Structure formats: C-alpha cells, structure tokens
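Dear colleague,

Please find below the structure that I am handing over to you. The notes after it set out what was found.

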Amino acid sequence: MAETSDRPATDAVDDVLAGDRVGGPVPGAAADPLVSEPADPGRPRRRRRTMSGKFVAGLVILGLFVLMAAIGPLVAPYDPSNLGPDVLAPPSWQHWLGTTGTGQDVLSQLLVGARQTLIIGVLAGLIATAISTIIGVTGGFVGGIADDLLSLLSNVFLVVPALPLLIVLTGYLPNGGPVAVAAVISLTGWAWGSRVLRAQTLSIRRRDYIEAARVAGEPGWRIIVFEILPHVRAILASSFLFTVLFAILTQVGLAFLGLVDVSQWSWGVMLYWAQSADALNAGAWWWFVPPGLAVALIGTGLALLNFGVDEFINPRLRSNSLRGRAARDSAGGFTPVVRTDPQPSEVQR
Amino acid sequence: MKFLLRRLGFTLITAWAAISINFFLPRLMPGDPVQLMVARLQQQGAVSPNAMQAMQVAFGLDDHTSLIVQYFQYWGQLFRGDLGRSITFYPSSVSEVIGQALPWTLVLVGVSTVISFLLGTVLGAFIGWRRGSWAETILPLSTFLSSVPYFWMGLIVISLFGAKLGWFPLSGGFDQGIDPSWSSDFVSNALYHAVLPAITIVLSSVASWILGMRNMMVTVMDEDYVLVAQAKGLSRLRVLSAYAARNAVLPSIAGFALSISFVVSGSLLVEIVFSYPGIGYSLYQAVNNEDFPLMQGIFLIITFAVLLANLVADVAYVLLDPRTRQDA
C-alpha cells in the first residue's frame with residue numbers, strides 16, 4: 001500500500017482504513033495510488049496484454065450466467081413453483097438436478113432464479129458505485145473539511161458490520177421488492193469503493209492537466225466528470241465488480257434468512273426453502289448444492305475479471321509474467337520483476 | 001500516540017453513529033413497526049407498566065416528549081445496559097439474551113478469525129515469495145473459496161463431515177445431556193461441537209487473507225530494501241520474515257476493519273446453519289419472531305465488538321510500524 005509508505009501516519013484514520021481490499025475477494029493493489037494509464041487511448045498494445053487468461057475466463061463464466069439470466073425462464077423445463085409427484089427425488093433424466101421436498105424441479109428453480117439474483121446484484125452494484133463515486137471523488141477533489149467529513153462518513157460505513165444492519169433494515173421493510181433490496185444493500189456497500197476512489201483522486205488532483213483545467217476556468221463538476229473520471233475508470237470498474245460480488249453474496253444471505261419476498265425465485269430463496277425444509281438432514285444435497293455453487297462460480301467469475309483489472313492497474317501482479325524458466329531460476333523468489341517494456345507509470349515509482 | 005488517539009476518536013464517533021442509527025431507524029421506517037411490536041408484547045401476557053413505559057421511551061411511542069428528550073432518555077437507558085425486552089424470550093431482557101449468547105460467538109468467531117488470519121498470512125507470504133512457481137496453483141482455488149457464501153460452506157461441511165462421515169456433531173454448541181459449567185467434560189464437549197463451525201469459518205475466510213498477502217508480497221519484494229537485505233547476505237528466512245513479510249502484512253492489518261465486518265457477517269450465518277448457540281442464532285430467532293428490540297440490540301453489540309477488534313488491530317499496527325510512533 002504505497003499510501004502508507006509515502007506519508008506515514010499523517011492521516012491516521014485514512015491510513016488505517018486505506019482501501020486495500022484485504023477482506024474482499026480481490027485484495028491489494030487497487031488502492032495503490034500509482035496512476036495507471038489505463039485511460040490512455042494511445043496505448044492499445046497495453047490493453048491487449050491485459051486480456052490475460054484470468055480475464056478471459058472471468059468473462060466466459062459471467063457470460064454464461066448472463067445468458068442464463070436472460071433465457072433461463074424460457075428454457076426451464078418445469079414451472080419452478082409447480083408441485084410434482086416426485087418428492088425429494090435425486091437427479092434423474094426427468095429432473096436433472098432432482099426435486100425439492102414438495103416435488104418442485106431444482107433445475108428450473110436455478111434457471112429462473114438466476115435473473116432475480118443477477119438483477120439485484122447488478123442494480124446494487126450500480127447504485128453503490130454511483131454513491132461511492134459522488135462521495136469519494138468529490139471528497140478527494142474538494143479537500144478540506146468537506147473531504148474530512150465525507151471520508152469520516154465512508155469510514156464509519158466501512159466499519160459498521162453490514163449484515164446485522166441490513167437485517168435490521170430489511171426487517172423494517174417487510175417483503176421488499178428487488179429494487180428495495182438492491183437499494184438497501186447498496187447503502188451498506190458503497191464505502192469501500194468510495195475510499196479507493198478518494199485515494200486515487202487525491203493522487204491526481206494536483207496533476208498539471210487538472211491545474212490547467214482549473215486555470216482555464218473549467219467548473220468543478222466539469223473537471224470531475226471529464227478530467228478525473230476517465231483517469232479512475234479502471235478503479236471504478238474494479239470497485240463495481242467488487243460491489244456486485246458483495247451484493248450477490250449479501251442478498252443470498254438475506255434471502256437465506258427469509259428477509260426478502262420468498263415467493264420470488266432467486267438462488268438465496270432456494271437456499272431458504274432448502275434450509276426450512278431441512279434438506280440437509282434429508283440428505284438432499286442436490287437441493288442446496290446447485291444454488292450455492294452457482295453463487296460461488298459467479299463470484300469467481302467476477303473476481304477473475306477483477307484480477308484482470310487489477311493487473312492492468314498494477315502490472316507487477318501478473319503471475320504469468322514469470323512463467324517457466326524465469327520462475328524456476330528465481331527459486332528464492334527475490335528477483336527484480338521482469339520489466340520487458342517499462343511504462344512511464346512504472347518508472348514513476 | 002497521536003495515531004492511537006485519533007483511532008480512539010474515530011471509534012467513539014462510529015459508536016455514536018451506530019447508536020444513533022439504532023435510535024432513529026424504528027422512528028424513520030415506514031409503517032408502524034412499533035405499534036405492532038407493542039401489540040405482540042401484550043399478547044405475550046401481562047406487561048408490567050414499567051416495562052411498557054420503557055418500551056414507549058425506547059421506541060418513541062411516548063408522544064408527550066420531544067425527539068430530543070427521547071434521544072437522551074435512550075442514552076440513559078443504554079448506560080444502564082438496558083436494551084429493552086426481547087419478544088422471543090419474554091420476559092428476558094435483551095441484555096440477558098445477548099449476555100448468554102455472546103461468549104459462544106466471541107470464542108468461535110474470535111479464535112477462527114485469528115487462525116484464519118495467521119494461516120492466510122503465512123500461506124500468502126509463501127506464495128508471494130515463490131511467485132510463478134507451483135505454489136500459485138492455489139490462487140484459483142482461493143479465488144473460488146473466497147466467493148463461496150459462508151453458510152453454504154457450512155452446509156457442505158456438515159453434510160460431508162457430519163452426516164456422511166459422522167466424525168462431528170451436526171449442530172448445537174454442546175450435548176443436551178450436559179449442563180453448561182466449567183467442568184472438563186463440558187468444555188471438551190463444547191470444543192468438539194465447535195470444530196465444524198470453526199473449520200467452516202476458516203475455510204471461507206482464509207482465501208482473502210492469502211490473496212491480500214500474496215499481492216502485497218509481490219509488490220514489496222521489488223523494493224530496494226529487500227534487495228539490500230539480500231545483498232547483505234542475510235538468510236532467506238530472515239529476509240522473508242523480517243523485511244518482506246513484515247512490510248507486506250501492514251495493509252492486511254490496516255484492512256482489518258473491512259475484513260472483520262465481512263467475516264463477522266458471514267460467521268453469523270454459519271451459526272444459524274449449525275444452530276450454534278451464539279449471537280447469530282439469536283439474531284435468526286429474532287428475525288423469525290420480528291423481535292426488533294433483540295435485533296437492534298444484537299446490531300449494537302456486534303458493532304461494538306467489531307470496533308473493539310479494530311482497536312486491537314490498530315495497536316498491532318503501531319507495534320509493527322515504527323512510523324506511527326514517530327510523533328509520539
């Protein structure tokens with residue numbers, strides 16, 4: 001975390017919370033206020049290089065799930081709520097993923113539930129990213145007391161445990177629709193992105209081109225939208241992906257607790273019914289394994305995509321830059337990184 | 001110690017914010033959850049006038065006093081440790097319910113988090129040190145693990161080690177036959193029951209520590225001071241631990257704030273899956289019974305616990321990073 005090493009303890013609250021996403025699935029480098037040049041259109045070669053295996057794999061996984069959400073309800077073999085004669089049947093040709101305790105088809109529930117799960121995730125991701133952009137970038141750009149207050153606000157939201165707060169919130173909003181659930185989730189999920197964006201904004205707000213825009217009399221909002229945002233868009237993307245993952249995991253947890261409308265199929269709702277019908281003790285693994293696996297896979301896809309973005313921001317993280325011989329020769333590990341093509345951003349450091 | 005004082009100040013502000021959120025939430029929410037709650041409470045049986053009075057104050061039914069006065073009355077109740085009465089466990093007070101459940105959660109989640117942090121940091125340091133080697137094959141696996149919902153991992157662990165292999169009990173914190181006490185029988189029984197939930201929490205949370213540490217190791221090892229340490233001829237282990245890892249671990253500790261609330265949220269759901277007699281399970285019961293006083297009390301207590309854990313992490317940070325002590 002370059003932020004800490006650059007200016008020790010000058011801003012204690014910020015330093016301690018300085019946005020390394022250690023807790024999240026994608027840790028480390030994005031908070032590094034090294035200014036990557038992702039937005040530089042004059043360097044297409046670099047962009048192609050970020051299409052690493054991880055990035056492509058993440059894209060493929062997510063593509064499949066998006067497809068599933070799009071056409072799932074159309075291709076589902078049964079009505080997911082339809083009660084059937086085969087109760088708790090293990091996977092068979094009639095029911096590829098078996099049936100639930102009331103004879104409902106698990107595969108159909110999975111296919112139909114994908115849409116609701118993804119919609120809430122993406123919606124919450126969008127709202128949260130919007131909030132974190134407004135608060136983080138504005139705070140970083142404006143500075144002074146406004147910045148202190150805004151970053152205090154995001155630090156408070158970062159520390160307060162999300163799930164208990166969400167439970168209390170959704171408890172008071174019984175049977176909220178997808179939009180309400182997404183809004184409530186984004187209320188607890190914006191703080192991390194805001195911190196990272198603020199750190200990034202701080203590091204570029206004294207750049208010459210920003211000063212030039214200021215001197216040229218550009219209004220503040222215009223500088224933020226046209227000068228700063230394009231330069232933090234890699235971080236913006238990474239923060240969005242992370243928030244979507246957070247939102248999906250959180251809504252599955254909320255649905256599992258029965259805090260959403262449990263008549264609307266989503267993966268969390270499937271787990272809720274599996275748990276309340278004691279699928280575990282009935283040995284009906286086909287009931288609770290698929291939805292959880294789907295959540296984990298979609299999370300992996302998002303995380304892989306995020307790695308792509310991270311490695312784009314911080315080229316040192318690329319693990320495949322040291323494949324093969326180079327890796328074996330450096331058995332001790334302490335080898336200066338292979339910099340085949342030093343970019344200005346790396347030299348800066 | 002300026003650093004620690006600032007952190008203490010931040011902790012107090014956050015605690016104040018959490019308490020205020022707790023106060024205003026039931027008053028701002030649409031509908032009238034408070035009326036509903038009082039009606040439910042009256043169904044439970046005769047409510048003493050005193051308890052009714054306390055409820056009215058706690059949830060703003062007392063029309064005669066202004067919001068400001070209510071706010072201060074609320075603070076007064078808090079300082080007396082009065083969080084209202086639980087509807088689920090009536091006539092127990094919320095503080096009593098939480099007091100019974102809290103030790104279970106503190107031990108389970110506390111110990112698992114420490115194990116997970118140590119394990120993940122050591123593994124991550126090793127993988128980062130051996131960048132590009134076979135050790136990196138663990139990265140995709142940890143990516144997958146870090147995306148798994150905690151409670152689902154619990155279901156899998158139960159069905160594998162509990163139901164299928166029968167090695168560990170399926171649920172609960174101790175066997176029904178044994179009375180909770182400090183006897184060795186009970187403690188060993190409780191530990192036996194804690195193994196599976198602990199494994200679940202460690203498995204679900206360790207991945208993010210591994211990934212975080214690995215990424216920082218990769219960055220730190222390119223620093224000049226690591227090269228110098230190596231050039232001085234120090235042993236590899238010393239360079240790894242005292243130079244590279246020591247610096248790489250700082251962000252992990254600094255990011256503890258975010259992680260701990262993540263881990264705690266996940267662990268609450270794990271308790272539910274295991275019917276573990278901790279805070280998470282109480283929260284589940286509170287949700288099922290629309291027991292708002294208990295829900296809110298649990299929210300407060302968990303927030304305080306997380307804040308405390310963060311303060312501990314801050315002290316560790318000061319011990320590890322001399323720069324924070326400069327202006328002392």
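A salt bridge is counted here when a side-chain nitrogen of Lys or Arg lies within 4 Å of a carboxyl oxygen of Asp or Glu. Please note that this is a predicted model, in which local features need pLDDT of at least 70 and side-chain atom pairs count only at pLDDT 80 or more, while totals for chains, interfaces and linings use all residues. Residues are numbered from 1 along each chain as its sequence is written, chains are lettered from A and ligands numbered from 1 in the order in which they are written, and side-chain values use heavy atoms, with hydrogens and water left out.

Salt bridges

Side chains of opposite charge can pair when their charged atoms come close. Over all chains, the structure holds five salt bridges. One of them joins Asp147(A) to Arg198(A), with 2.7 Å between the closest N and O atoms. Asp147(A) belongs to helix α6 (residues 144–159) of chain A and Arg198(A) to helix α9 (residues 191–204) of chain A, so the pair ties together parts that are 51 residues apart in sequence. Helices here are DSSP runs (H or I, at least four residues) and strands are runs of E (at least two), numbered from the N terminus. Both Asp147(A) and Arg198(A) are buried; the term means under 20% relative accessible area, with exposed meaning over 50% and partly exposed in between (1.4 Å probe, protein chains only).

In chain B, Asp314(B) forms a salt bridge with Arg7(B), and their closest N and O atoms are 2.8 Å apart. Asp314(B) lies in helix α13 (residues 292–320) of chain B and Arg7(B) in helix α1 (residues 2–28) of chain B, so this pair ties together parts that are 307 residues apart in sequence. Asp314(B) is buried, at a relative accessible area of 3%, and Arg7(B) is buried as well, at 1%. Elsewhere, salt bridges with shared partners join Arg206(A), Glu211(A) and Arg214(A) into one network. Within it, Glu211(A) and Arg206(A) meet at 2.8 Å, N to O. Glu211(A) counts as partly exposed, at 25% relative accessibility.

Nonpolar cores

A nonpolar core is a set of buried Ala, Val, Leu, Ile, Met, Phe, Trp, Tyr and Cys residues joined through side-chain atoms within 4.5 Å. The largest has 171 residues, of which Ile167(A), Ile185(A), Trp267(A), Phe288(A) and Met217(B) touch the most other members. Helix α14 (residues 285–313) of chain A gives the most to this core, namely 15 residues. Leaving aside neighbours within four places in sequence, Ile167(A) is in contact (heavy atoms within 4.5 Å) with Leu254(A), Leu257(A), Leu259(A), Leu283(B), Val287(B) and Met295(B). A second, separate core of eight residues includes Phe23(B), Tyr74(B), Trp75(B) and Leu78(B).

The chains

Chain A has 16 helices and zero strands, and buried residues make up 59% of its 349 residues. In chain B, residues 294–320 are 100% helix and 0% strand, with end C-alpha atoms 39 Å apart. Residues 150–170 of chain B are 71% helix and 0% strand, and their end C-alpha atoms lie 16 Å apart.

One further residue deserves a look. Ser275(B) has a positive phi of about 50 degrees although it is not a glycine. Ser275(B) sits in the loop between α11 (256–274) and α12 (279–288) of chain B, and it counts as partly exposed at 27% relative accessibility.

With kind regards
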